[in-house]
Structures are given as C-alpha cells and as structure tokens.
Amino acid sequence: TMKRTAEGTAWKGTIGVLRRSDASLADAATGSETNLGGEVKSVAELTTAIERVTAALTAGSASSFSSDAIVVSVSAPSVPDLTLIDLPGIVRTVTAGQDASVIREVNQMIEGYLLQDRTIVLAIVPANQDVATVDILERALRVDPTGERTVGVLTKPDLVGDGAEDEVLAVVRNERKPLRLGYVVVKNRSAAELKRHQQAGGPPSLLSSHRDAERRFFAEHPAYRALPKNLVGVEQLTKRLTGLLTRRIEKVLPELKWELQELFAEAERGVERLGVAPPDAPLERAKLVLRLFAEYCTLLRQAARGDYREQLLSQHQELRLRTSSDKIFRTLEAAIADQKPDFDAKDFTVKLHQELKALRGRELPGLLNSYFFYGFMARHVEMWRPLIEGASRTLYDEAYSAAALLADEMFPAYPAIAAAARDALADYLDASARDLDVKIEEVFKHESDPFISRNELSEAILKVRYGRFEKALEAVMLACGSGPATAAQQASHERNADKTDRRDQRFAETHTDTTTAMAQGASAAPVAGPA
C-alpha cells in the first residue's frame with residue numbers, strides 16, 4: 001500500500017504478515033517463533049526485510065511456497081495513492097527440489113484474487129513472447145468478460161529482437177489482442193542495473209534516475225519512439241491506474257457503504273447478544289448457570305414438540321426440529337412407497353410364476369409353497385433397511401445441529417457453557433442412536449418372518465370349543481334330570497365320547513403342540529347328549 005505525503009516529509013515504511021495458513025511462523029535465522037513485522041526506514045532496509053520474511057514463511061514448506069501474504073506499507077512524497085498486490089507468476093511445471101503441489105497452490109491464490117470483482121487486474125505480458133501464448137489474458141477474460149477492470153502491461157521491451165518490434169507495437173496499440181482498457185509498455189531495471197546499483201551503494205535518487213533512463217529508452221528507440229506518450233512508461237501506467245481506481249471507487253462506494261453499515265449493525269447485534277457481565281458472587285454464578293440451562297432445555301423441548309412461539313425459534317428455521325423431523329419421515333415414507341412392487345406390470349406375473357415353479361415341492365395340487373411368500377416379503381422388507389438407516393443418521397444430524405445452534409445462540413457470552421451443552425447433547429444422542437439401532441434391528445427381525453408365531457388363533461379356537469362344551473354340558477344336564485342315567489343314555493354317551501376322542505386325535509396330528517394341548521383339554525369332559 002502506497003500513500004502520498006506532503007513534500008519534505010520523510011520516507012516511512014512498515015512490513016507485516018497476513019496469515020492465511022496454519023503453518024508455524026519462525027525466523028529463518030533463529031528458528032524460533034517471532035514477530036517478523038515492524039518499521040523500516042529505507043528502501044534498502046525494506047528489501048532486506050522482505051527477503052527475511054519470505055525465508056521465514058517458506059522455511060517449512062516442501063514447495064517453497066506460502067499462501068500467507070507479506071504486507072508492505074509505504075508513505076512518501078514520491079509515491080502514488082495505490083494498493084498493489086504482487087502475485088506469483090503462473091507455474092506450469094516444477095523444478096528440482098519443488099513439490100508438485102506448488103502448481104495447485106499458486107493457481108488457487110491467483111484465482112482467489114482474480115475472482116474479486118473489486119480487484120483491478122494488471123495482466124503482465126512479456127514483450128518478447130507471443131501474446132497468443134500468454135495465459136493471464138484468458139484468465140482475466142474469464143473473470144472480467146466486459147474488460148472494465150483489466151489493464152495490459154507489456155514488460156521487457158529491451159529484450160525484443162531486431163525486426164520483431166512491429167508485433168509489440170501492434171499489441172500496445174490494442175490491435176493484436178484488444179482490451180477494453182488497452183495496454184501500457186514499461187521498461188524495468190535489468191538484473192545488471194540492479195547489481196551495479198547494489199555494488200555502488202545505492203544512490204538516494206534511484207527511482208528518479210530509473211524514470212529518466214526509462215524515458216530516454218523510449219524516446220531514443222527507433223521503433224518505440226513512435227508510440228503515443230500515454231502508452232509508455234511507469235508514470236503513464238500510474239496515472240491510468242489512479243484514474244481507473246478513482247472511477248472504480250465511485251462506482252462501488254454506495255455498495256461499499258451499505259456493506260460497512262451491515263457489518264457495523266452485525267457487530268452491534270453481537271455486542272447486544274453478549275448481555276451484561278456475569279455476577280461476581282459464586283452463588284449468583286451458580287444460579288445463573290442453572291437458569292441458563294433450564295431455559296435451554298425448555299426451548300429445546302419446544303423445538304422438538306413444534307412449539308415455535310418463542311422469538312428465537314421463530315427467527316431460525318434451523319431450530320425447528322419437529323418440522324425437520326416430519327420432513328425426514330415424509331421423505332422416508334415416500335421412498336418406501338417407491339419400493340412397492342409394480343403388481344400391474346406384465347413381467348411381474350411372469351416372474352411370479354417362475355418363482356412359484358422354482359419353489360414347487362410336495363404340496364398338493366392347487367396349493368402353494370408357503371416359503372414363497374416368506375422369501376418374497378423378506379426380500380422387499382430388506383430393501384427398506386438402507387432407507388431407514390439413512391433417515392436415522394439424518395435425524396441424528398438434524399437434532400445435533402439444532403441443539404448446537406441453540407446453545408450458541410443462547411450462550412454467546414459463555415462459550416464454555418455452550419460447549420458443555422453440545423457435549424451433553426452429543427452423549428445423549430449417541431446413546432439414543434444406539435438404542436434406536438437395536439429397535440430397528442428387532443423390527444426388521446420380526447418383519448422378515450411373515451408367519452404368525454403367537455397363540456391368537458389357537459386361543460380363539462379354544463374359546464369357541466369351550467363355548468360349545470358349555471352348551472353341550474347344559475343340554476346333557478337338562479336331559480338327564482335328577483335321576484340316574486338309563487342304559488341307553490350311557491351307551492349314547494360312550495359313542496359320542498369315542499367320536500370326540502378320534503376327532504381330537506386327528507386335530508392334534510395336524511396342528512401345533514400348544515393347540516393340541518388346548519384341544520385335548522377342551523375335549524376331556526363328556527359332550528354327548530341323551531340318545
């Protein structure tokens with residue numbers, strides 16, 4: 001960042017680091033954590049400081065690259081009011097000792113800045129390369145299709161071979177690869193010039209002397225001197241950027257003002273949420289914690305029951321736990337309904353007959369193998385398992401997210417209390433999830449066996465038989481009267497008892513043990529009437 005100051009003021013600079021990574025920041029010389037920022041008093045000192053910070057940022061990186069940014073601020077009478085971001089060059093291949101990840105890391109950093117619509121893109125194009133092979137122009141076009149924030153800058157015009165200047169002139173005149181804001185060609189100091197300057201001790205008038213040398217180069221060059229003055233030189237580039245930056249600021253200022261107001265309002269709401277300071281007395285603090293947890297449990301219970309009258313629950317849809325649960329259940333119901341076999345399909349009947357034929361055993365003609373129905377139902381019930389297990393996991397996630405969000409919203413000033421609430425809810429939900437898994441498995445176990453294994457049928461038969469027995473007994477008692485049975489009555493009774501025993505024996509041979517015992521018990525008493 002450069003800030004122009006009044007004439008006569010001293011040159012001032014600062015350097016710092018904007019952290020974007022979790023890597024340890026250590027001084028390259030000492031190997032210890034240190035604050036690498038601070039003030040610098042000269043350009044030469046600034047260069048040394050940048051080299052030192054760069055070495056510290058890349059010391060532990062296998063790719064010799066860091067996503068952290070070195071922030072330099074300079075205040076002087078000779079600098080324009082500009083903020084520049086010097087990005088690394090586009091890496092297409094790695095060199096010896098470099099990690100392959102450097103290509104991805106550099107691309108991510110460049111794309112991150114290019115996508116910001118308030119960034120002015122300086123597309124640097126070496127003059128000694130074919131403009132059609134320069135990747136940055138296509139990248140800039142992708143993020144700035146209208147070209148309202150892209151300026152082309154040609155560098156290294158002194159390295160262009162004799163006879164190839166016409167191509168450079170065509171690019172600078174915006175003829176070869178047109179840009180809406182056009183191009184500017186500049187000549188930086190060569191490596192030899194920088195080396196000579198360092199060996200000479202670095203005169204204070206370095207920048208001004210470089211500008212003079214740049215002006216002489218373009219004025220004396222047989223090809224470049226034909227270019228308009230507003231297309232050559234660092235000074236013209238500075239003027240163009242300053243004007244473009246002013247226009248961009250005027251355009252985005254209303255939107256920027258609104259964003260700042262929103263950030264300020266959000267900060268005020270955050271301060272308001274913190275509330276008053278906690279009490280100092282231990283007893284009062286304990287009461288406060290109990291009250292906060294009681295309110296939290298009440299709101300969480302209301303969210304689970306669908307009672308959203310409280311303002312906090314009505315403002316945050318994520319807290320409406322009953323609504324999200326109902327949605328999960330409806331989705332599960334619809335998914336299971338979609339698994340229903342298409343009984344009307346033509347191939348369903350064909351497949352059905354094929355399965356029946358394959359399961360044919362010792363059944364009598366006209367009867368079906370009962371295991372066909374068993375297998376059919378077991379297969380289709382098992383198809384529901386992933387749907388139900390997925391719904392269970394989704395319900396768990398929704399419940400935990402709602403409970404965690406509620407804790408964060410209710411305890412903004414007490415992060416430790418919010419963390420304790422989240423931990424307690426996580427333990428409870430984990431235990432509930434395990435219990436639910438057991439119950440789901442039990443349901444699937446029962447659903448996989450379509451046969452009735454309980455005694456409702458045998459109990460119903462027994463009830464009917466007992467009723468008939470009572471009626472038969474009552475009829476016998478009425479027919480016999482109060483005297484002894486006659487010989488004819490006794491013979492008739494024995495014949496009926498024999499028939500009943502034979503019938504019960506056949507029933508026992510074809511039914512379950514439980515039903516047989518009930519049937520035999522029901523038929524043990526005489527049931528015949530008078531002959």
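Modeller: This is a predicted model. The accessible surface of the protein chain is about 35000 Å², and carbon and sulfur atoms make up 56% of that area. The chain has 531 residues, of which 28% count as buried. Its secondary structure comes to 17 helices and seven strands.

Biologist: What makes Thr 9 partly exposed?

Modeller: Buried requires under 20% relative accessible area and exposed requires over 50%. Thr 9 has 36% relative accessibility, so Thr 9 counts as partly exposed. The residue is found in the loop between strand S1 (2-4) and strand S2 (12-18).

Biologist: What makes the pair Thr 9 and Thr 5 a polar contact?

Modeller: The limit for a pair of N or O atoms is 3.5 Å. The side chains of Thr 9 and Thr 5 are joined at 2.7 Å, a polar contact. A polar atom of the Thr 9 side chain also lies 2.7 Å from the backbone oxygen of Ala 6. Further along the sequence, Ala 76 is 67 residues from Thr 9, with a C-alpha to C-alpha distance of 6.8 Å.

Biologist: How do you know that S1 and strand S4 pair?

Modeller: Pairing takes at least two bridges. S1 and S4 (residues 69-76) have three, in the parallel sense, so they count as paired. In this pairing Lys 3 stands opposite Ser 75 in S4. S2 and S4 run antiparallel and are joined by seven bridges, with Gly 16 opposite Val 71 in S4.

Biologist: Why are strands S5 and S7 said to stand at the edges of their sheet?

Modeller: The sheet is open, and its three strands lie in the order S5-S6-S7 with parallel pairing. S5 (121-126) and S7 (183-185) each have a single partner strand, so one side of each is left without a neighbour in the sheet. From one strand to the next, the twist averages 25 degrees.

Biologist: How do you know that S5 and strand S6 pair?

Modeller: The same test of at least two bridges applies. S5 and S6 (residues 150-155) have six bridges in the parallel sense, so they count as paired. Leu 122 stands opposite Val 151 in S6.

Biologist: Which helix lies across S5, S6 and S7, and at what angle to S6?

Modeller: Helix H7 (residues 234-274) does, running at about 170 degrees to S6.

Biologist: What makes a group of residues a nonpolar core?

Modeller: The members must be buried residues of the nonpolar set, such as Leu, Val and Tyr, joined through side-chain atoms within 4.5 Å. The largest such core has 33 residues, and those with the most contacts inside it include Leu 137, Leu 154, Val 168 and Tyr 224. Among the elements giving two or more residues to this core are helix H3 (135-143), helix H4 (165-172) and S7. Helix H2 gives the most, with six residues.

Biologist: Which residues does Leu 137 touch?

Modeller: Leaving out residues up to four places away in sequence, Leu 137 touches Ala 123, Val 125, Val 131, Lys 177, Leu 179 and Tyr 183.

Terms used
Residues are numbered from 1 along each chain as its sequence is written. This is a predicted model: local features need pLDDT of at least 70, side-chain atom pairs count only at pLDDT 80 or more; totals for chains, interfaces and linings use all residues. Side-chain values use heavy atoms; hydrogens and water are left out. Helices (H or I, at least four residues) and strands (E, at least two) are DSSP runs, numbered from the N terminus. Axes are lines fitted to C-alpha atoms, for helices over the stretch in contact, and angles run from 0 to 180 degrees between N-to-C directions. Contact means heavy atoms within 4.5 Å. Buried means under 20% relative accessible area, exposed over 50%, partly exposed in between (1.4 Å probe, protein chains only). Accessible areas come from the Shrake-Rupley method with a 1.4 Å probe; for residues, only the protein chains shown count as cover. A polar contact is a pair of N or O atoms within 3.5 Å; within protein, one must be able to donate a hydrogen and the other to accept it, and residues adjacent in sequence count only if both atoms are side-chain atoms.
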